[in-house]
Amino acid sequence: MIFIGPNDTGFPLASSFPEPSALAAGDASNDNPSAGKSKTEANTDGSGVKSPPENRLDILFVGAHPDDLEIACGGTIHSLVKQGYRVGMVDLTDGEPTPASPAPEVRWAEAKAAGEVLGVAYRRLLHLPNRRLMDGFEERVALAKEFRFWRPSMVVGFGNKTPMASPDHYQAMQITDAAVFYSRLTKWDEHFDGLMPHSISHQLYFKLAFEPVAIAGFDSLVTVDITDSLEAKLASIACYKTQFPPAKAHVFERVRGLAIAAGAAANVRAGEVFATTRPVAVKDLVKHCNQSR
Ligand SMILES: [Zn+2]
């Protein structure tokens, strides 16, 4: 696992990339669609740091604050890792200050622990300003560099405004939308430290677990069956001891309850709902609809 936090900058050196996990290697012998498909050419940034093609990520999740991704889609992240996909997480801000956290380093230590619970290959804190996160050119470029470096086929980010919660979330959505677009633009490499353009095939939106089951304003939804990953999701949220002390135990009840409600609507024990930015087409309708039975 690679974690880049408060005191680190730049992309990791190629020599620091870990070997694919035993879990991923084991699953790759089955029907893991990502196995053997990382054929992207080696990629360098302006300082000659290489992103070996075998270490590209399959999917990258983007949140505004450490704990957003665990609450919104921790079950899906854990489930994807168990299926052998290489999963990354990017937190745009450090989420600090907050009332019970003594320092950003403490919050980041919690985020690292949560990332380890979920089993992700990569997690990075992007150091954009908490509470005053704004969609802007530099913010878009900073995130697009992550996409160009890691070359995921799928990006998942915030899907809407979150009234009564942080306005950073909606800004994160707009930054992510723009960064997906910026990632593929040609003849603009000087803004991205020479990182090559990369086209992202699929973009999905998540909601925080406390919002209604459906994502307002989007017609195309998909539910991920997280039956076998619900406990890991809750365990990853519990890593944020400064955010969810015993006085906030009700948060775990709500997350569990809403996962069960989302799953029940799709006839599975627990689920997380995503909006797809484009309708998802399937070739084998029967297999697609039966795979969670
Ligand atoms: Zn947040």
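Confidence first: this is a predicted model, and its average pLDDT is 86, with 82% of the residues scoring at least 70. The protein is built from 8 helices and 10 strands. Of its 293 residues, 43% are buried. Here's a walk through the parts.

**Where to be careful**

- Over residues 19-49, pLDDT stays under 50. The model still has 47 contacts beyond four places in sequence for that stretch.
- Where pLDDT is low, the predicted coordinates should not be read in detail.

- Start with the open sheet: 8 strands sit in it in the order 1-6-5-4-7-8-10-9, and the pairing is mixed.
- At its edges you'll find strand 1 and strand 9 (221-225), each of which pairs on one side only.
- On average, neighbouring strands of this sheet are turned by 25° against each other, direction ignored.
- Contacts in the protein reach across the sequence: among those between residues at least 6 apart, 78% join residues at least 24 apart.

**Around strand 6**

- I2 has Y122 of strand 6 as its bridge partner.
- Strand 5 (residues 87-93) also pairs with strand 6 in the parallel sense, this time over 5 bridges. Y122 turns up here too, as the bridge partner of G88.
- To get from strand 5 to strand 6, the chain passes through helix 3 (residues 104-118), and this β-α-β crossover is right-handed.

**Around strand 7**

- Strand 7 is largely enclosed by the rest of the structure, because 4 of its 5 residues are buried.
- Strand 4 and strand 7 pair in the parallel sense over 3 bridges, and V155 in strand 7 is the bridge partner of L60.
- Strand 8 (residues 202-206) runs parallel to strand 7, with 5 bridges joining them. Look for M154 opposite H202 of strand 8.
- Together, strand 7, helix 5 (residues 168-183) and strand 8 make a right-handed β-α-β unit.

**Helices lying across strands**

- Helix 4 (residues 137-150) lies across strand 4 (59-63), strand 5, strand 6 and strand 7 (154-158). Its direction is at about 160° to strand 6.
- Helix 7 (residues 250-265) lies across strand 9 and strand 10 (271-276), and it runs at about 65° to strand 10.

**The nonpolar core**

- The largest nonpolar core has 67 residues, and L60, I77 and V87 have the most contacts inside it.
- Helix 2 (residues 68-82) gives the most to this core, with 7 residues.
- Leaving aside neighbours within four places in sequence, L60 is in contact with G88, V90, E146, F147, W150, P152 and V155.

**Single residues to look at**

- In the loop between strand 5 and helix 3 you'll find P97. The peptide bond from E96 to P97 is cis, with omega near 10°.
- M164 lies in the loop between strand 7 and helix 5. M164 isn't a glycine, yet its phi is positive, near 75°. With 6 other C-beta atoms within 10 Å, M164 is exposed, because 12 or fewer is the cut-off for that label.
- K187 sits in the loop between helix 5 and strand 8. K187 is another residue other than glycine with a positive phi, near 55°. K187 has 6 other C-beta atoms within 10 Å, so it is exposed.
- E231 belongs to helix 6 (residues 230-238). E231 counts as partly exposed because it has 14 C-beta neighbours inside 10 Å.
- E231 and R256 are 25 residues apart along the chain, and their C-alpha atoms are separated by 8.8 Å.

Methods:
Residues are numbered from 1 along each chain as its sequence is written. This is a predicted model: local features need pLDDT of at least 70, side-chain atom pairs count only at pLDDT 80 or more; totals for chains, interfaces and linings use all residues. A nonpolar core is a set of buried Ala, Val, Leu, Ile, Met, Phe, Trp, Tyr and Cys residues joined through C-beta atoms within 7 Å. A residue is buried if 20 or more other C-beta atoms lie within 10 Å of its own, exposed if 12 or fewer, and partly exposed in between; C-beta atoms are placed from the backbone. Helices (H or I, at least four residues) and strands (E, at least two) are DSSP runs, numbered from the N terminus. Two residues are in contact if their C-beta atoms, placed from the backbone, lie within 7 Å. Two strands pair if DSSP finds at least two bridges between them. A crossover is right-handed if, with the strands pointing away from the viewer, the path from the first strand over the helix to the second runs clockwise. Axes are lines fitted to C-alpha atoms, for helices over the stretch in contact, and angles run from 0 to 180 degrees between N-to-C directions. pLDDT is the predictor's confidence in each residue, from 0 to 100.
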